[in-house]
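Please look at the chain below before reading on. The text then leads through it from the whole to its parts.

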Amino acid sequence: MAKDHEEDLTLHDLIEGPTRDLTAARAAALAQTNAAARPASVDHEVDGTSGDPQGSQPHDRRGERAAGRRRVELERLPGSGGLYRRALLGVVPGVGGRRGADVPGVELAVGGVSVDPGHLADYDRVCGFRLTDRLPATYLHVLGFPLSLRLMTGPGFPIPLTGVVHVANRITVHRPVEAGESVDFHTYAENLRPHERGRQLDVVLVGSIGGEEVWRGVSTYLGKERAAGGGPRRDRGDRPAPPAASARWRVTPRVGTDYARVSGDHNLIHTSKLGARLFGFPRPIAHGMWSKARCLAALEPRLPEAYTVDVSFKLPVPLPSTVAFSASATGAGWDFALHSDRDGRPHLTGSVR
């Protein structure tokens, strides 16, 4: 039997993490593009830092850019290791700087992000997808995540990344994306609002190909605060009985470290017993986006060409544990859920429409 510490990342691994340049293949095309004139409203960023001003964003509809948001284009996707180091320093008194009163009035963009077939296959294996050239809907979240991470660790972001809770995620697939296509991403934050346990906001990540939006992800994050921000309170009524299980999955500690490796999301609560305890968890918990991906993989043969998959993350999935997956067809698509196999407590509820 393997010892626990053999599946636990070191503190250096947690902070630095593996980094990959996903855009090296487009270097020649990028050089030619950079030689062209840029619009006056677009800033060019190379070193991963900027004095982003604070502002509010109107809702960004498909194919439109909200007025008042400044666009910052990066040469390449940032490495996640340095961003997590910045996030950890951000909670040190006197080092982290002030939090903004609102979401930053900026959107970050990067063009021509290509897919590494080996990385895609590795992701498919970790999450349970079939090995094909068609990208799972959740893979594009992973592909563009470093860009969103850069936004969330930027100066003045209103919610600290360290300890943030991912409470919901909605992904819209406008058309299938193949591994041979390169994707342009842009990301921004909006809708900062009070919550009974603090404040929450939405981080939007948009993937486009040839100027056409093909994918959109909206992640809702909660920043817990001692002084609660108000907002609607959850219903504290009796918990309904879980639906009959369609499948049961054993979720081992390796799920935390393997998903961190393929996703670049090295949050300590998923990969380290020490890190989990620092944030109030007795043991590591599974990534919410792994749970969503695993549920989507179970529905993969039944998914349409275009759809929206919406999930709410309920209670964490402790590592290790056994979870029960359930799914039922509706007239408009699918409803699905993930519960504890031991006591029926809900981990995730979702729908495909």
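This is a predicted model: local features need pLDDT of at least 70, side-chain atom pairs count only at pLDDT 80 or more; totals for chains, interfaces and linings use all residues.

Residues are numbered from 1 along each chain as its sequence is written, and side-chain values use heavy atoms, with hydrogens and water left out.

The protein chain has nine helices and twelve strands; helices (H or I, at least four residues) and strands (E, at least two) are DSSP runs, numbered from the N terminus. Of its 353 residues, 50% count as buried, where buried means under 20% relative accessible area, exposed over 50% and partly exposed in between (1.4 Å probe, protein chains only). The accessible surface of the protein chain is about 16,700 Å², and carbon and sulfur atoms hold 52% of that surface. Such areas come from the Shrake-Rupley method with a 1.4 Å probe; for residues, only the protein chains shown count as cover. Among contacts (heavy atoms within 4.5 Å) with a separation of 6 or more, 75% are between residues 24 or more positions apart.

Helix α4 covers residues 117–127. At its start, a side-chain oxygen of Asp116 reaches to within 3.0 Å of the backbone nitrogen of Gly118. After α4 comes Gly128, with a positive phi near 95°. The buried residues of α4 are His119, Leu120, Ala121, Tyr123, Asp124, Val126 and Cys127. An α-helix has 3.6 residues a turn, so residues three or four places apart point the same way. The buried residues of α4 pack against α5 (137–152), α6 (253–263) and α9.

How do α4 and α9 (residues 288–299) cross, and at roughly what angle? Their axes come within 9 Å and cross at roughly 85°, the axes being lines fitted to C-alpha atoms, for helices over the stretch in contact, with angles from 0 to 180 degrees between N-to-C directions. The two helices are therefore roughly perpendicular to each other; angles under 35 degrees count as roughly parallel, over 145 as roughly antiparallel, 65 to 115 as roughly perpendicular and the rest as oblique. Tyr123, Val126 and Cys127 in α4 meet Trp290, Ala293, Arg294 and Ala297 in α9. By class, this contact has six nonpolar residues, no polar ones and one charged. Here Ala, Val, Leu, Ile, Met, Phe, Trp, Tyr, Cys and Pro count as nonpolar, Asp, Glu, Lys and Arg as charged, and the others, Gly among them, as polar.

Helix α9 also packs with α5, at an angle of about 150° and with the axes 9 Å apart. That makes α5 roughly antiparallel to α9. On the α5 side are Ala137, Thr138 and His141, which meet Met289, Lys292, Ala293 and Leu296 of α9. Four nonpolar, two polar and one charged residues make up the contact of α5 with α9.

Leu348 lies in strand β12 (residues 346–352) and counts as buried at 1% relative accessibility.

Arg71, in strand β2 (residues 70–74), is buried with a relative accessible area of 16%. Its side chain makes polar contacts with those of Glu73, at 3.4 Å, and Glu107, at 2.4 Å. A polar contact is a pair of N or O atoms within 3.5 Å; within protein, one must be able to donate a hydrogen and the other to accept it, and residues adjacent in sequence count only if both atoms are side-chain atoms.
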